[in-house]
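I am opening my notebook to follow a few residues through this chain. Join me and have the viewer ready.

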Amino acid sequence: MAEGTDIDLRTAPSASAKGAQDDYLHRRTLRRGSAGWLLLTGLGVAYVVSGDFSGWNIGLSKGGFGGLAAATVLMGIMYACLVFSLAELSAILPTAGGGYGFARRALGTWGGFLTGTAILIEYILAPAAISLFIGDYVESLGLFGLTSGWPVYLACFAIFIGIHLWGVGEALRFSLVVTAIAVAALLVFAIGAFTDFDASRLNDIPVDASALGSSSWLPFGVLGIWAAFPFGMWFFLGVEGVPLAAEEAKDPVRSMPRALAISLSVLVLLAVVTFFAATGAHGSAAIKDAGNPLVVALQGDDGPTALSRFVNYAGLAGLVASFFSLIFAGSRQLFALSRAGYLPRFLSLTSRRKSPYLGLLIPGAIGFALAAWSGNGGRMLNVAVFGATISYALMALSHLVLRRREPGLERPYRTPGGVLTSSVAFVLALFALVATFLVDKDAAFIALGVYAIALAYFAFYSRHRLVAHAPEEEFAALAAAEAELARD
């Protein structure tokens, strides 16, 4: 079947349709059983670990220590509730579609496309932004005499996409090793920083007396808590991408909930340790605008130390880990949407090593172009956060809808707290979505513009060309058939 031929696989004659369907899916097959719970856990931590090294501290300039602390707790609750909801959904539907697949069954084709597009915005923009940060680290460390620029960004995408093309098992093992180095470095940093900890430095940011409810702990008032939401997310942003590896996991029904729970637990520990150690060592005011807050926290006023140099190199490892894993996540979401016809079908073709090569190369080319053209990593990350919050709200809503509409659906894993848990995730995700406008209105409107273009493509073209035998579409069709039988 030619890739450019528009064949409706649902209405073709039965004999030829079966052969076409088998050939279509055979050319779009991932390598199953490549990742156990340990590699999946490493993937979950890898998505996020770069956020511990930088970015979160900007929340201090929005809410102060107390405001960012409250925002981090609230966002931690949101992610915990979301992760437990996703653990149930991924055990029901362990495919590469992740959030798109869950929303497709609960909210229909429009809901599935809206969710999948939001996830793609997050996972294409975030690596582009991180490649800029990698370039800054390479330049600041004087590595190979390079300066931050397009050759560094190109090397990042070329080398790490090449590893992904080699195979998912090899890619996830590489990610685990780099992530372990980054996590070990964070713990070493914390030990060093806590030796100089002083609680009086936590709330040393000047108080804005005009802000409602301002105090030494909330120097920008109560509204500062809300403004700090997007930065509280940096300690957890990306962990929700673990279900995108479900189709390549060993025993995903068991390993996926386990990996999600363990990775979130590790991230909570790292968030608490990093937050208190960095602010207490050198003060919130000193690190609130720093591009490398952990290094600044260790150096103090005495200049670079052996430990600060070590953490500086480790920060590069953290960036690489997140960059590498986010490329994986974006490729799998694009693969699933393309396989089902929401995006051009040729994007889901896989190689002999069962890697979605076009799903890796094309987003990589887009990411490189954005990095080389824009040079504004902060803006791109804010766009990514906007897409992320939309996907969180829709995934939590999917859990709510499926619990209410299909209570008898087989659930190998059940979310603790049930609909109460996903309701909390849904409400906090909406608050986080609004908070993105408080931080960067331009980024929010850029994301909305991308959304509008994608929705126009779906409304006028791709929704009429969906592939019924893609796993996520079959799962949704089964629900429709069962509902029709129940009515009869």
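**Entry 1**

I started with Ile134 and found it in contact with Cys156, Leu316, Leu319, Val320 and Phe323, leaving aside neighbours within four places in sequence; contact means heavy atoms within 4.5 Å. I kept in mind that this is a predicted model, where local features need pLDDT of at least 70, side-chain atom pairs count only at pLDDT 80 or more, and totals for chains, interfaces and linings use all residues. Residues are numbered from 1 along each chain as its sequence is written, and side-chain values use heavy atoms, with hydrogens and water left out.

Next I looked up the largest nonpolar core, which has 158 residues. Such a core is a set of buried Ala, Val, Leu, Ile, Met, Phe, Trp, Tyr and Cys residues joined through side-chain atoms within 4.5 Å. Ile134 is among those with the most contacts inside it, as are Phe53, Trp56, Tyr79, Phe189 and Tyr392. Helix α5 gives the most to this core, 20 residues.

**Entry 2: Ile130**

I found Ile130 in helix α5, residues 99-141 (helices are DSSP runs of H or I, at least four residues, numbered from the N terminus). Is Ile130 buried or exposed? Ile130 counts as buried because its relative accessible area is 5%, and buried means under 20% (1.4 Å probe, protein chains only). Beyond four places in sequence, Ile130 touches Ser50, Leu319, Ser322, Phe323 and Leu326. I also noted that Phe323 is 193 residues away along the chain, yet the two C-alpha atoms are separated by 6.1 Å.

**Entry 3: Thr95**

I found Thr95 in the loop between α4 (60-92) and α5. Thr95 counts as buried because its relative accessibility is 8%.

Key: Helix = DSSP H or I, 4+ residues; strand = E, 2+ residues; numbered from the N terminus. Buried < 20%, exposed > 50% of the residue type's maximum accessible area, 1.4 Å probe, protein only.
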